[in-house]
Amino acid sequence: MATNSVVSAFKVLEAVARMQPVGLSELARAVELPKSTTQRCLLTLQEVGWLAPTPSSPPRWRMTYRAIAVCGRAGVGGGLRDAAIATMNELQLSTTETVHLCAPDGDALVLIERLDTSHPLRAFLPLGERISLHASATGLAYLSACAAEFVEEYLAGRLEAPTPDSITDPDRLREVVAEVAARGYSTNVGGLSVGISSIGAPILDHAGTPVGALSVSGPSSRLVEERFEELGQQVAAAAARIGRLLH
């Protein structure tokens, strides 16, 4: 398969993951490819077992469990998730709130593990969700540990607002990132999901490079401002423990 065809196939695969189940015409518009090219990519990805059509006519496309089987191996061999899971469990038990673990993917974070609270009212994000750096506690924590050049490049891009409480002003975000770096943890009230508050901290490897972020999340009615400092210290300590376990 030619290089351009490989790029097109990955564009189609990622779009299906975002939009599934999705029809051919809608998918072709989303990836900005001709319908004939999109169809060839779909059939190729079906042949190798990554995508499958629904029984409907016309068919709509979805990912298969092969994606989970393959991508789930990303953390094997001393990876971030393996290093974090025991500490995440301790953090979830001590805070009784949902704990999220995220890893960087370009200009976003990806949720790679989640430990849920037993509370019926809870924060929820699906595994694999791409999370904006400027609109989330994990993202702000991650940015606070990144090089200034990366932060400036990110802030120069398009800063969308998932909610009315999202911060999109670059100058204000610079101030927030500096505050997070000085404090050691981030806070985010309703910036990613309406009615949800989160407290996050960056995870650094032995060289001091940010490799992910950890957060505690829950309804803003339960994660009130009076709890932020205590939870922030817990999350920061947990993130530091995970960083020391990386190799």
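This is a predicted model: local features need pLDDT of at least 70, side-chain atom pairs count only at pLDDT 80 or more; totals for chains, interfaces and linings use all residues.
Which residues touch the most other members of the largest nonpolar core? Residues are numbered from 1 along each chain as its sequence is written, and side-chain values use heavy atoms, with hydrogens and water left out.

Let's start with the overall fold. The protein chain has nine helices and eight strands (DSSP runs numbered from the N terminus: H or I of at least four residues for helices, E of at least two for strands). Its radius of gyration is 19 Å, close to the 18 Å that the globule rule gives for 247 residues, so the chain is as compact as a globular protein of that length. That radius is taken over C-alpha atoms, and the rule is 2.2 Å times the number of residues to the power 0.38. Buried residues make up 43% of the 247, where buried means under 20% relative accessible area with a 1.4 Å probe, protein chains only.

Back to the opening question: I203 and L214 touch the most other members of the largest nonpolar core, which has 23 residues. Such a core is a set of buried Ala, Val, Leu, Ile, Met, Phe, Trp, Tyr and Cys residues joined through side-chain atoms within 4.5 Å. Two or more residues each come from α5 (80-95), β3 (98-105), β7 (196-204), β8 (210-219) and α9 (228-245), and α9 gives the most, with six. There is also a second, separate core of 19 residues, with I131, L140, V176 and A213 among its members.

L140 takes us to helix α6 (residues 137-145). Eight of its nine residues are buried, so this helix is largely enclosed by the rest of the structure. The buried ones are A137, T138, G139, L140, A141, Y142, L143 and S144.

A polar atom of the S186 side chain lies 2.6 Å from the backbone oxygen of A137.

Finally, the cysteines. The whole structure holds zero disulfides, meaning pairs of cysteine sulfur atoms within 2.5 Å. C146 is buried at 15% relative accessibility, but its sulfur is 13 Å from the closest cysteine sulfur, in C102, too far for a bond.

Conventions:
Buried means under 20% relative accessible area, exposed over 50%, partly exposed in between (1.4 Å probe, protein chains only). A polar contact is a pair of N or O atoms within 3.5 Å; within protein, one must be able to donate a hydrogen and the other to accept it, and residues adjacent in sequence count only if both atoms are side-chain atoms.
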